[in-house]
Amino acid sequence: MNFQAGPLPGLFIIEPLIFGDARGHFLETYRKDLFAANGIHEDFVQDNQSLSGKGILRGLHFQAPPHAQGKLVRVLQGRVLDVVVDLRRSSPTYGRWFSLELSPEKGRMFYIPPGFAHGFLVLSETADVVYKTTDFYAPAHERVLLWNDPALKIQWPTDGITPQLNARDAAGKPLAEAETFA
């Protein structure tokens with residue numbers, strides 16, 4: 001596996017080695033020893049999967065302490081624009097965002113530590129997204145950052161995709177009003 005540090009502290013873009021032949025391919029999607037050797041010492045406790053159609057925007061979600069979650073995200077089918085926002089007040093990149101496209105072709109994964117809001121926009125007809133989390137889902141601690149907060153200036157694709165959100169995500173709080181991390 002190749003671990004590349006992301007542009008915001010704590011983020012990693014991970015590309016596994018893919019071994020292919022006439023039968024198909026094989027890749028490792030998680031190895032605790034390799035993650036630890038690259039500074040990721042998290043224990044993942046829950047796996048989640050979502051299937052969404054084109055234009056669905058999920059997020060920007062996070063859980064407040066003491067149930068903050070780190071995530072290891074990958075796409076099994078389709079393409080998404082995956083977006084994170086740094087909510088750690090002590091970070092030099094507080095309030096900054098980063099995005100990357102995820103698809104199954106390279107098997108690329110995205111590690112997001114606790115302290116970030118996370119969401120994605122489906123760019124293909126459908127997308128099947130899976131992610132591991134470092135804490136269990138805790139509804140009382142779930143929060144939503146406003147996906148289109150003018151202060152963040154997130155550059156969502158405008159090439160014919162009109163984001164579709166559920167009511168909870170559409171009512172997210174702007175960064176100025178959102179709960180943040182120390």
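Guide: Helices (H or I, at least four residues) and strands (E, at least two) are DSSP runs, numbered from the N terminus. This is a predicted model, in which local features need pLDDT of at least 70 and side-chain atom pairs count only at pLDDT 80 or more, while totals for chains, interfaces and linings use all residues. Residues are numbered from 1 along each chain as its sequence is written, and side-chain values use heavy atoms, with hydrogens and water left out.

Visitor: How many salt bridges does the structure hold?

Guide: Side chains of opposite charge can pair when their charged atoms come close. A salt bridge is a side-chain nitrogen of Lys or Arg within 4 Å of a carboxyl oxygen of Asp or Glu, and the structure holds 11 of them. One of these joins Glu179 to Arg143, with the closest N and O atoms 2.6 Å apart. Glu179 lies in the segment after H2 and Arg143 in strand E13, so the pair ties together parts that are 36 residues apart in sequence.

Visitor: Is Asp135 buried or exposed, and which side chain of opposite charge is nearest?

Guide: Buried means under 20% relative accessible area, exposed over 50%, and partly exposed in between (1.4 Å probe, protein chains only); for charge, Lys and Arg count as positive and Asp and Glu as negative, with His and the chain ends not counted. Asp135 is buried yet has no salt bridge, the nearest side chain of opposite charge, Lys71, being 12 Å away. Asp135 is found in the loop between strand E12 (126-133) and strand E13 (142-144).
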